[in-house]
Amino acid sequence: MCKQKRVTHILSFVFCFLFVWLVELRADDKTIMITKQTDNIPNIQVISSDSNDNTMSIYKMLVQDLKIIGHFNVYYDDTLRTDVLQNNLAIQEYGSRNMNLIAQVSHKKQGKTIVGILNLYDFSTGKVTTTEYTQDEVERYPFIAHSMAVYLNNYIKADNIDWLNKYVIFSNYISTGRSNIMISDYTFTYKKTIISNGLNMFPKWANKEQSEFYYTLATNEATIYKYNLYSGKNEKIISSQGMAVVSDVSGDSERLLMSLAPIGLSDVYLYDTKSKKLTQLTKYSGIDVNAHFSNNDKSFIFVSDRLGYPNIFIQDLSENGSVSQLIFQGRNNSTISTFSHYVVYSSRESDEDTGLNVFNLYLASSQSDYVRRLSRKGTNRIPVFSKDGDSIMYLRQQGNEQAIGVIRLSINKSFLFPLKNLKIQSFDW
């Protein structure tokens with residue numbers, strides 16, 4: 001009898017899990033105006049000081065970062081190995097090419113640590129500034145390059161791009177009944193396992209500092225834990241016989257939106273991290289899941305099957321608040337993320353070339369009825385806004401190839417990073 005009950009609970013959890021997966025205006029409206037003026041952005045020449053593998057790894061990552069930022073015209077030369085900044089003729093030559101900046105990359109080892117060195121020549125001042133970036137292991141070199149890119153971006157006083165240097169946290173499926181919680185940089189070049197041994201899913205950062213995160217451990221019941229990345233403290237938050245997932249964290253980190261299914265199918269709950277009070281926000285006989293705060297945390301957007309198929313709704317952040325349909329395009333809309341009053345979501349539709357069912361990404365606003373398409377090829381799922389709302393990370397599948405995609409809204413470009421030996425169940429950044 002216990003075994004049968006346990007199987008029922010696991011099937012309920014898996015059912016809800018699969019549902020989550022399958023399931024003219026103002027000029028600053030991202031659904032309309034998603035590109036910014038890019039004229040007169042500075043020209044930057046990136047060079048390496050030597051051909052050492054560590055130097056070249058940092059150098060190549062920095063070039064990639066600067067392209068993704070979109071605030072520079074990036075030039076680079078893999079064959080150049082001389083100390084350009086000590087060569088007046090070389091500097092004059094780059095000046096004749098209308099370069100504004102020269103960024104020269106090198107590195108040094110200090111015991112087990114690696115130090116990246118960035119020498120920056122500014123043609124407007126004729127001066128060289130030097131900055132150093134240290135990581136405690138060579139494998140973390142991507143964060144040296146990301147830090148350099150953030151510095152260069154701040155140097156020209158461009159829009160904030162700090163997400164570049166943050167962790168991505170994700171659940172990686174290993175085998176039946178086993179998935180690990182891991183962290184990585186945004187390119188998934190650096191990866192480290194944090195939690196293993198069990199079915200660990202749905203990680204969500206608990207604060208802006210990325211010192212703690214929530215995740216779900218599925219056994220005979222689903223249990224939400226909060227894990228401290230630095231102390232290793234693992235605190236149990238709440239359990240549910242069916243589904244239990246933290247889908248979003250408020251801006252002040254004091255409130256959580258959860259999908260819980262203590263009896264039957266899942267509903268949306270609000271959890272206060274200080275008082276430990278749990279409030280049920282939706283009371284629907286079907287499935288309500290994947291709620292995200294919206295409109296300065298005054299309302300929430302969620303996925304429900306109350307129309308007979310997965311679609312997106314909005315509700316005031318109160319018990320028995322009014323519910324209204326938000327998206328009227330498509331008949332299978334799921335996996336959402338929000339920023340301010342914007343929502344990005346995946347929608348199932350037929351591929352334009354093959355006619356096969358795929359998922360594409362769309363951007364909408366709770367303050368208008370305009371919807372903008374963001375992807376056109378492959379199956380695109382699990383979109384997640386960056387903290388500044390200017391970028392969207394998502395999972396893309398095309399044929400047998402899987403990749404992480406990053407859409408840069410302000411420059412209207414997208415980038416793909418192939419995934420090797422990873423099966424990502426969910427992620428947050």
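**View 1. Contacts around Glu349 in the predicted model.** Glu349 touches Gln329, Leu356, Asn357, Val358, Asn360, Tyr362 and Arg373, leaving aside residues up to four places away in sequence. One of these residues, Arg373, also makes a polar contact with Glu349, side chain to side chain, at 3.2 Å. Another, Asn360, lies 11 residues from Glu349 along the chain, and the C-alpha atoms of Glu349 and Asn360 are 7.4 Å apart.

**View 2. Glu349 in its strand.** Strand 22 covers residues 342-350, and Glu349 belongs to it. The relative accessible area of Glu349 is 17%. Buried means under 20%, so Glu349 counts as buried.

**View 3. The pairing of strand 17 with strand 18.** Strand 18 consists of residues 299-304 and runs antiparallel to strand 17. The two strands are joined by 5 bridges. For His292, the bridge partner in strand 18 is Ile301.

**View 4. The whole protein, for orientation.** The secondary structure comprises 4 helices and 29 strands. The protein has 429 residues, of which 55% count as buried.

Notes: Residues are numbered from 1 along each chain as its sequence is written. This is a predicted model: local features need pLDDT of at least 70, side-chain atom pairs count only at pLDDT 80 or more; totals for chains, interfaces and linings use all residues. Side-chain values use heavy atoms; hydrogens and water are left out. Two strands pair if DSSP finds at least two bridges between them. Buried means under 20% relative accessible area, exposed over 50%, partly exposed in between (1.4 Å probe, protein chains only). Contact means heavy atoms within 4.5 Å. A polar contact is a pair of N or O atoms within 3.5 Å; within protein, one must be able to donate a hydrogen and the other to accept it, and residues adjacent in sequence count only if both atoms are side-chain atoms.
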